[in-house]
Amino acid sequence: MASDLFESPDYYQIDDLLSEEHKLVRNATRDWVKKEVSPIIEDYAQRAAFPDQLIKGLAEVGAFGPYIPEEYGGAGLDQISYGLMMQEIERGDSGVRSTCSVQSSLVMFPIYAYGSEEQKRKFLPKLASGEFLGSFGLTEPNFGSNPGGMITNYKDMGDHYVLNGAKMWISNAPFCDVAVVWAKNEEGRIHGLIVERGMEGFTTPETHNKWSLRASATGELVFDNVKVPKENLLPGRSGLGAPLSCLDSARYGIAWGALGAAMDCYDTALRYSKERLQFGKPIAGFQLQQKKLAEMITEITKAQLMVWRLGTLKNEGKATTAQISMAKRNSVEIALKIAREARQMLGGMGITGEYSIMRHMMNLESVVTYEGTHDIHLLITGADITGIQAFK
Ligand code: TGC
Ligand code: FAD
């Protein structure tokens, strides 16, 4: 990839809304991404390889559990800092951000929020330092948008549980050390279990041939009579609301993250269009190209204000599931549109790995599907404003 010249768009002086700490966190993450992610990511994406050498650095910048308290190894930051980190990391690559979302919001968060003190002390510091990588098993082959129908189940054998079933499309699965797995007990109630690599009957086959998130490893979690110690059950919450509350946290991070990908596409297209000459002048001087750029910066600015406000609500404990859904859906939608327009602005060069745009575009095709599809988020907004659910 060409060298990373990224300059962050800030058309409405949104930096003025950030604290010094927010800017410090944002800038440190941005510098790290420029130094460590940008130079290597295209090669890893082309080879569909997971860049595991980034794990240590991600832990060091605080991207594993940014808002988990320091006593458990987290960075103890607020929600805006968490969002800004996800923005900067996804500006580099959605797959790298995915690894952070899963680790922080889908593995550390449920252990922190619903785990016993022993579970927190045993797992959180190792997850924060990157010594352990986690995965989150909710989706099943026949239950994606409708996770409440899951058939993965466990039985109480007196001194342990026995877990059976399979999860599909699981980020980090092929190499995870621990998996937070959602399964039904004999009464059909959903609980979270911490499954550890090495438990007999637990396998994690990799999913190949993805055209999207190629630098993120995806796989299955298969449970064939896995003996799970009773102390590995998350005691603090049960029911579908437990995994869905983790999704709230991850979707919030994605609302910021997708915006980072949008910013990168806009910045690349703006720079390219000022340098590329056709018909004797820069293509940025043609009205059709200016329309594209003007619409991009308008959408980015609107989304920046939306996620900032959502972050302040989240800091105050007031952000609702529906507000988070709206922001996730909006950021991904504008990012995908911007990626497609930006790619066209680069002409033939836009389809090459010399520029990040096509990689972002392909990544975003996963982001628009995972953590709740575009349709599901629209239905969450619809249910919220009408009071009538249209899912079923
Ligand atoms: P519904 O009847 O609406 O709700 C069941 C219970 O859950 C409660 N609830 C929530 N609680 C906390 N947070 C939320 N966000 C909640 N949403 C609902 C609800 O109050 C109820 O509680 P109770 O006590 O009354 O039982 O459930 P439903 O079955 O009708 O489903 C609603 C729907 C469709 C919105 C939900 O199932 C949904 O969000 N589906 C999408 C599934 C999804 O997003 N899967 C993501 C899998 S993980 C992933 O993709 C990771 S990608 C990682 C990466 O690489 O970044
Ligand atoms: P389906 O639910 O079968 O949906 C198919 C289509 O039908 C979609 O367009 C959907 O919007 C539409 N649809 C479904 N229901 C309705 C309805 N009621 N009304 C209108 N339209 C509807 N899951 C995890 O648990 N952990 C992970 O770490 C994880 N990582 C992932 C990584 C990648 C790269 C991908 C692609 C997925 C990942 N997922 C993960 C799974 C992801 O959350 C699901 O793919 C997603 O929830 C959609 O489920 P599905 O693929 O089964 O699609």
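These questions and answers cover the surroundings of two ligands in a predicted model.

Local features need pLDDT of at least 70 and side-chain atom pairs count only at pLDDT 80 or more, while totals for chains, interfaces and linings use all residues. Residues are numbered from 1 along each chain as its sequence is written, chains are lettered from A and ligands numbered from 1 in the order in which they are written, and side-chain values use heavy atoms, with hydrogens and water left out.

Reader: Which residues come nearest to ligand 1?
Author: A residue is near a molecule if one of its heavy atoms lies within 4 Å of it. Around ligand 1 there are 27 residues. The nearest are S98, S171, R251, E371 and G372.

Reader: How far is an oxygen atom of ligand 1 from an N or O atom in the side chain of R251?
Author: Polar contacts are pairs of N or O atoms within 3.5 Å. The side chain of S171 has an N or O atom 2.8 Å from an oxygen atom of ligand 1. For the side chain of R251, the distance is 2.7 Å.

Reader: Which element gives the most residues to the shell around ligand 1?
Author: Helices (H or I, at least four residues) and strands (E, at least two) are DSSP runs, numbered from the N terminus. Two or more residues come from each of α4 (94-114) and α6 (241-275). The top contributor, with 6 residues, is α6.

Reader: How many residues in the shell around ligand 1 are charged?
Author: Asp, Glu, Lys and Arg count as charged; Ala, Val, Leu, Ile, Met, Phe, Trp, Tyr, Cys and Pro as nonpolar; the others, Gly among them, as polar. This shell has 10 nonpolar and 11 polar residues. The number of charged residues is 6.

Reader: Which residue has a backbone N or O atom 2.7 Å from a nitrogen atom of ligand 2?
Author: Backbone atoms of several residues approach ligand 2. A polar backbone atom of F391 is 3.0 Å from a nitrogen atom of the ligand. L138 has a backbone N or O atom 3.0 Å from an oxygen atom of ligand 2. At 2.7 Å from a nitrogen atom, the residue is W169.

Reader: Which strand gives the most to the shell around ligand 2?
Author: At least two residues of this shell come from each of β3 (160-171) and α10 (374-386). The biggest share is 3 residues, and the strand is β3.

Reader: Why does ligand 2 lie between two domains, and which are they?
Author: Domain bounds come from an automatic or database domain assignment. Ligand 2 lies between two domains because both give residues to its shell. They are domain 2 (134-232) and domain 3 (241-386).

Methods:
A polar contact is a pair of N or O atoms within 3.5 Å; within protein, one must be able to donate a hydrogen and the other to accept it, and residues adjacent in sequence count only if both atoms are side-chain atoms.
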